14 protein chains.
Amino acid sequence: MDNVGLIGMVSIIVAGFTIAVGSIGPALGEARAAAQALSSIAQQPDEANTITRTLFVSMAMIESTAIYCFVVAMIVIFANPFWNYVITKAGGQ
Amino acid sequence: MDNVGLIGMVSIIVAGFTIAVGSIGPALGEARAAAQALSSIAQQPDEANTITRTLFVSMAMIESTAIYCFVVAMIVIFANPFWNYVITKAGGQ
Amino acid sequence: MDNVGLIGMVSIIVAGFTIAVGSIGPALGEARAAAQALSSIAQQPDEANTITRTLFVSMAMIESTAIYCFVVAMIVIFANPFWNYVITKAGGQ
Amino acid sequence: MDNVGLIGMVSIIVAGFTIAVGSIGPALGEARAAAQALSSIAQQPDEANTITRTLFVSMAMIESTAIYCFVVAMIVIFANPFWNYVITKAGGQ
Amino acid sequence: MDNVGLIGMVSIIVAGFTIAVGSIGPALGEARAAAQALSSIAQQPDEANTITRTLFVSMAMIESTAIYCFVVAMIVIFANPFWNYVITKAGGQ
Amino acid sequence: MDNVGLIGMVSIIVAGFTIAVGSIGPALGEARAAAQALSSIAQQPDEANTITRTLFVSMAMIESTAIYCFVVAMIVIFANPFWNYVITKAGGQ
Amino acid sequence: MDNVGLIGMVSIIVAGFTIAVGSIGPALGEARAAAQALSSIAQQPDEANTITRTLFVSMAMIESTAIYCFVVAMIVIFANPFWNYVITKAGGQ
Amino acid sequence: MDNVGLIGMVSIIVAGFTIAVGSIGPALGEARAAAQALSSIAQQPDEANTITRTLFVSMAMIESTAIYCFVVAMIVIFANPFWNYVITKAGGQ
Amino acid sequence: MDNVGLIGMVSIIVAGFTIAVGSIGPALGEARAAAQALSSIAQQPDEANTITRTLFVSMAMIESTAIYCFVVAMIVIFANPFWNYVITKAGGQ
Amino acid sequence: MDNVGLIGMVSIIVAGFTIAVGSIGPALGEARAAAQALSSIAQQPDEANTITRTLFVSMAMIESTAIYCFVVAMIVIFANPFWNYVITKAGGQ
Amino acid sequence: MDNVGLIGMVSIIVAGFTIAVGSIGPALGEARAAAQALSSIAQQPDEANTITRTLFVSMAMIESTAIYCFVVAMIVIFANPFWNYVITKAGGQ
Amino acid sequence: MDNVGLIGMVSIIVAGFTIAVGSIGPALGEARAAAQALSSIAQQPDEANTITRTLFVSMAMIESTAIYCFVVAMIVIFANPFWNYVITKAGGQ
Amino acid sequence: MDNVGLIGMVSIIVAGFTIAVGSIGPALGEARAAAQALSSIAQQPDEANTITRTLFVSMAMIESTAIYCFVVAMIVIFANPFWNYVITKAGGQ
Amino acid sequence: MDNVGLIGMVSIIVAGFTIAVGSIGPALGEARAAAQALSSIAQQPDEANTITRTLFVSMAMIESTAIYCFVVAMIVIFANPFWNYVITKAGGQ
């Protein structure tokens, strides 16, 4: 029953690591874009509409990399083919 | 009963690590956005409304990555499918 | 009785690590926001009210990530389901 | 049955690591490009069209490196030739 | 009697590590806020009252994360539920 | 059958590592070039054609290093001479 | 007699580590505040009193985190409950 | 048959590592040169020819270090004298 | 006689590590304060007295963290309660 | 036959490591020189000849350190005295 | 005779490490102070006396942390109480 | 015959490491000097002779540290007294 | 004869490490002071004498930390009390 | 014959490490001084003599730390008292 413990252990570690590390880049990146947008609004208030529209499109694109990480973490916890295989094996023994 | 200890140990480590590391990015990111917003208000007081509105939308988006981490940490502590599997096994032995 | 020692040891490490690492980001982040607010007040004294209000809302939001970490550390020390399970097991042996 | 556990374990780790690390570069890179675009719009509002068009082409190109990582992570989880080989072997034993 | 040594050893390490690492962020953060406050006073002496009041509120908030760490370190040394459990066990043997 | 597991394990790790690490440089590099291009367009709108042409040639050249990495990752997964050798050996045993 | 050596060894390491690491943040932080204060005095000599008063209050607050570390180091060397427990045990054997 | 596995394993690791690490420097370097070229064109449009010519010569030279790495990676995968020696030995056994 | 060697070895390491690491922060911090003081004197020669007085008070405060480290290192070498305990034990055997 | 595997393994690692690490410095260095040259041409177009001549001499000198690394990597793969010695020994056994 | 080798080995390592690491901070710190002093003399030649006097007092204070390290290194080599104890023991055996 | 393998292995590693690490400093250093020289020529074209002469003398001096490393790498590969000793020993056995 | 090898090995490592690491700080520090001095001479040629005199005194002081390291390295190689003790012991066996 | 291999191995590693690491500081330091000198010549051509003289004296002093490292590396390879001792011992066996 060694494989069950091993695969389970690794899955938990990977799920946490993926979302923890994977949230650093997007968080800092969105902050940078947002900070610049706020600065640009202060500098050119008449373009506030164009700026916020471009900001939200950009943030959505940056957020997408965080979502990739969240998707992988969820797959690893709830739809993990390796875990399914080993518990089927362990159950059938 | 080795797997119970192993999975439990790993779950605790991952829960703490995920939220600890996952809070660095959002904390610094929100601070950056907030700092820039404060600077922009001082520079263009008439646009304070637009600026704070954009700031709060941006912070909500940045906070979302911290919430992903908190969600994963809570799943790992209170709704962990790997832990449930191994204690069911251990209980049924 | 190995699992009791293991889970206990890991819980202590994680509680300390979570709050220690998790306090770096918010501390630096709040400092950045506060520093900018002080600079903005000096630059635009008439907007001191708007600035301090925005500052305190932002700091509350940044502090929230430190509180997530503190919550996880407290759960790990005083309401740890893994520890409860293993001492129940060890007690019932 | 050692190889099954080993290959499975490694596949999970690699899938998470690849997307977690691979999302840092693109997230920061897109943020940089977006921040500069917002600054340029504020500086030269008349060129907003050229700027946003160049921005979106650039972000697509930067996003491509994140997509390479996502593709490799998905291959490793769902179409992994090494895993297929070892479970065929293990099944045929 | 292995668990007694293990839990004791880990508690000491964690107490020291938590306060040592946890004091870096607040120390640097308070310094940043204080430095900016001093610079703002020099720039706008008439606002010295508003500035020092905002500074002390901010420093209190930053100090709070150092206090979280100190609280956890003290709990680990003097009110550690894991240590209490293992010495009760060891005493009752 | 040790070599089969070893070579397989290493191939998966290397494929993920190569593309994950190899995408950081190009992503940041393309972002830098794009950011500067956007800034230059804002500064000199009349040269937008020369600038975007030079930008796309440069990005293609930078992208080439990401493609080297992707090629090596694909070779390691699907056309790996070391893996072919060991499974031929293992099959012929 | 293993626990005596272990707990003793760990206590010495932790005492040194805590004060060594814990003095970096306050030293750099106080230096930053002091440097800014000196700069502010040069810029606004008439406010020297307000500036030095604010400086000393701030340095006292920053120094407090160094003192937390010193307190923990002293507790670990001279009032260590874990050490007292194990030498009582060892003495009573 | 140990050497076959060892040399094969190491060759795969080295091929991936070499191209992954070796692409960071050239990618960032070419980006820096390209960014400066774009900035120079915006500043001095009349010298666009001299600038792009110097840029492409420089990028070719920088790219050469990436090509050294790619060459070594390809030699290690497809023309590796150490691998040839050990499989000849292993085949002749 | 294992504990004697262990405690002795650890004491030497800790003494050196504490003073080596603990001198980095104060050295850099005092240098920063001194550099700023020199710059301020050049800028405002008439305030040289106030500046040097504030400088020396600040340096004394920064030096205090180095002295904490030196005190701990000396305690560990010459007044180490753990060492005294183990050599008493070893002597009495 | 242990030495054959060991020396072979190490030679492959060193060849890849040498060229991978050794290409970072020259790539960044040449980029820096090239970027400055492009900036100088834009600033002083009349000196373009002197600048590009000095640039190419400097890049040749910087490239020389990359070539040292490539030479060592090639010696280690194709003209390695240690490998020749051990396979002669192994062949003569 | 194990303790003699162990304590001796550790003493040598610590002596070298202490002075090597402990010289980085003061060297950089003195350089910073000296560089600023030279800059201040160039800016305000009439204050050269005050500046060099303040510089030398500051450098003496910074040098003091290097001297702490040198003192500890010398104590560890030539007046090491732990070494004296173990060779007395070893001699008396 | 262990020493032959050990010394040979270490020699290869050291040769590659020395030249790889040793080329980073000179490459970046020469680049810095060259970049500044190009900038100076653009600023003061009349002093081009003095500048390039000083540049080449400086680069020769910086290159000398790379040459020290290359010399040590070549000594380790082709004139290694330790290797000569052990193969003489091994040959004479 | 284990201690002879151990102490000898450690002495060589420490000698090299001490001088290698210990030369980084002074080299960078002296360079900083020298660079500033050259800049100051260019700015204030009339003070060249005061500047070079202050520079050489400062460099001597910075060099002193490198000399501490060289002294320790030489003591460890040629006047090492621990080595003398163990070879006396080994010789007398 | 273990000590011969051990001491030899360590000597090679230390020789390479010392010169590789020890050349980073001086190379970067000399480059900094040289870059500043070139900049100063461009700014103040009339002082070119004073500047180059001060530059060469400074570079000689910085080079001295590289030479310390080279001396230690040469001593370790060709005049190593520890190696001489062990091969004398090994020869006399």
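Start with a term: buried area is the accessible area, taken with a 1.4 Å probe, that two parts lose on being put together, summed over both. Chain H and chain F bury about 3,800 Å² between them. Of that, 80% lies on carbon and sulfur atoms. In chain H, Ile12(H), Leu38(H) and Ala42(H) lose the most area to chain F, together 17% of what that side buries.

A word on the source. This is a predicted model, where local features need pLDDT of at least 70 and side-chain atom pairs count only at pLDDT 80 or more, while totals for chains, interfaces and linings use all residues. Residues are numbered from 1 along each chain as its sequence is written, chains are lettered from A and ligands numbered from 1 in the order in which they are written, and side-chain values use heavy atoms, leaving out hydrogens and water.

Now, how many residues does the contact take from each chain? It takes 46 from chain H and 42 from chain F. Contact means heavy atoms within 4.5 Å.

What about salt bridges across this interface? The rule, a side-chain nitrogen of Lys or Arg within 4 Å of a carboxyl oxygen of Asp or Glu, finds zero between chain H and chain F.

Next, chain I. Helix H1 (residues 2-22) of chain I has 21 residues. Helices here are DSSP runs (H or I, at least four residues), numbered from the N terminus. H1(I) is mostly covered: 17 of its 21 residues are buried, meaning under 20% relative accessible area (1.4 Å probe, protein chains only). H1(I) reaches 30 Å from first C-alpha to last, close to the 30 Å expected. That expected span is 1.5 Å times one less than the number of residues.

How values were computed:
Helix = DSSP H or I, 4+ residues; strand = E, 2+ residues; numbered from the N terminus. Buried < 20%, exposed > 50% of the residue type's maximum accessible area, 1.4 Å probe, protein only.
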